[in-house]
Amino acid sequence: MTDGYLWFEGLPFPSIDYSYEGLKEACTKFVIKDEDTVMVSYPKSGTHWLIEILCLIHSKGDTTWIRSVSIWDRAPWLEIDTGYKLLKEREGPRFLTSHLPFHLFPKSFFTSKAKVIYIMRNPKDVLVSGYYFWTTTKFSKKPESLDQYFQWFLQGHVPYGSWFEHIRGWMSMRDRENVLLLSYEELQKDPRSTIEKICQFLGKKLNPEELDSVLKNSSFHVMKENKMSNLETLPETRVDKDFKITRKGISGDWKNHLTVAQAEALDKLYQEKMAGFPKELFPWE
Ligand code: A3P
């Protein structure tokens with residue numbers, strides 16, 4: 001670590017709770033099993049929301065698990081040292097979480113039947129959410145201003161690298177039967193139908209009461225009060241006082257933060273980087 005990041009394969013990673021050896025082992029040696037379910041995203045795309053939904057689907061709406069076990073234990077992070085250790089020791093079907101870009105993801109996935117759900121979000125909201133996250137936590141280099149973070153984001157000089165490369169890489173998997181592409185925006189707009197879509201993908205059948213419970217208990221306000229899910233139990237060596245992952249939980253917060261010039265610069269880069277992808281794949285304007 002030289003500049004507040006841990007560099008691995010040319011990409012910046014958070015420097016706390018990650019190690020070069022851990023990343024190398026996770027990326028090259030980890031064996032994904034057929035019965036695993038993997039949640040993948042670029043940071044700040046609604047990962048914790050998705051984990052909460054999957055855990056609730058798994059328990060058929062029963063809240064015992066989500067209220068008694070911390071979210072990072074229920075669906076450990078593959079590339080974080082403690083998460084990797086938990087996963088290696090875990091028997092039976094596992095939930096895994098990862099922010100790894102496609103090209104670094106363990107190759108064992110490609111020959112497995114494991115299910116992957118990739119959640120994405122409007123990059124402008126990802127940027128704003130990321131600014132607050134890295135400013136109020138101690139995992140990585142702290143931006144001094146939103147303007148500075150904006151520049152870093154455009155250059156891909158943020159944890160896990162470029163949003164554009166992340167999306168482009170994982171998009172190449174979108175036609176595979178065992179990959180489901182979701183967006184934060186569709187979850188916001190129609191959570192019930194999106195949860196039903198997830199159930200169908202996972203081959204899970206819930207009755208209407210169970211579905212109601214998944215919907216209610218994964219909602220922003222309920223999740224914000226669940227200390228096993230909102231990360232408020234993280235120590236002050238990791239996060240600022242009163243930190244919660246559930247910050248604002250809306251789509252379009254970028255309009256309250258980015259200047260017209262910043263939004264235009266991001267749009268321009270978006271057009272260049274995402275040329276060739278059908279616009280209908282993405283629910284944002
Ligand atoms: P904001 O910072 O815009 O509020 P991740 O889990 O990938 O780090 O993403 C965090 C973002 O998801 C945060 O966005 C957070 O508020 C939002 N989020 C977390 N739980 C949510 C929920 N139940 N409903 C809606 N948004 C949620």
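How far is an oxygen atom of the ligand from an N or O atom in the side chain of histidine 48? In this predicted model, the separation is 2.7 Å.

View 1. At serine 218 a backbone N or O atom takes part, lying 2.9 Å from a nitrogen atom of the ligand. Of the 570 Å² of accessible area that the ligand has on its own, the protein covers 98%.

**View 2. The shell around the ligand.** The ligand is surrounded by 19 residues, the closest being Thr47, His48, Ser129, Lys248 and Gly249. The helices α2 (47-58), α9 (184-189) and α12 (220-225) each supply at least two residues, and α2 gives the most, with three.

**View 3. The salt bridge between aspartate 36 and arginine 94.** The closest N and O atoms of this pair are 2.7 Å apart. Because aspartate 36 lies in the loop between α1 (20-29) and β3 (37-41), and arginine 94 in the loop between α5 (81-89) and β4 (95-98), the pair ties together parts that are 58 residues apart in sequence. Both aspartate 36 and arginine 94 are buried.

**View 4. The salt bridges around lysine 248.** Lysine 248 pairs with aspartate 253 in a salt bridge whose closest N and O atoms are 2.8 Å apart, and Arg247, Lys248 and Asp253 are linked in a network of such bridges. Lysine 248 is partly exposed, at 36% relative accessibility, whereas aspartate 253, with a relative accessible area of 2%, is buried.

Note on methods:
Residues numbered from 1 in each chain as written. Predicted model: local features only at pLDDT ≥ 70, side-chain atom pairs only at ≥ 80, totals over all residues. Heavy atoms only, no water. Near = heavy atom within 4 Å. Polar contact = N/O pair within 3.5 Å; in protein donor to acceptor, adjacent residues only side chain to side chain. Areas by Shrake-Rupley, 256 points an atom, 1.4 Å probe, with all protein chains shown as cover. Helix = DSSP H or I, 4+ residues; strand = E, 2+ residues; numbered from the N terminus. Salt bridge = Lys/Arg side-chain N within 4 Å of Asp/Glu carboxyl O. Buried < 20%, exposed > 50% of the residue type's maximum accessible area, 1.4 Å probe, protein only.
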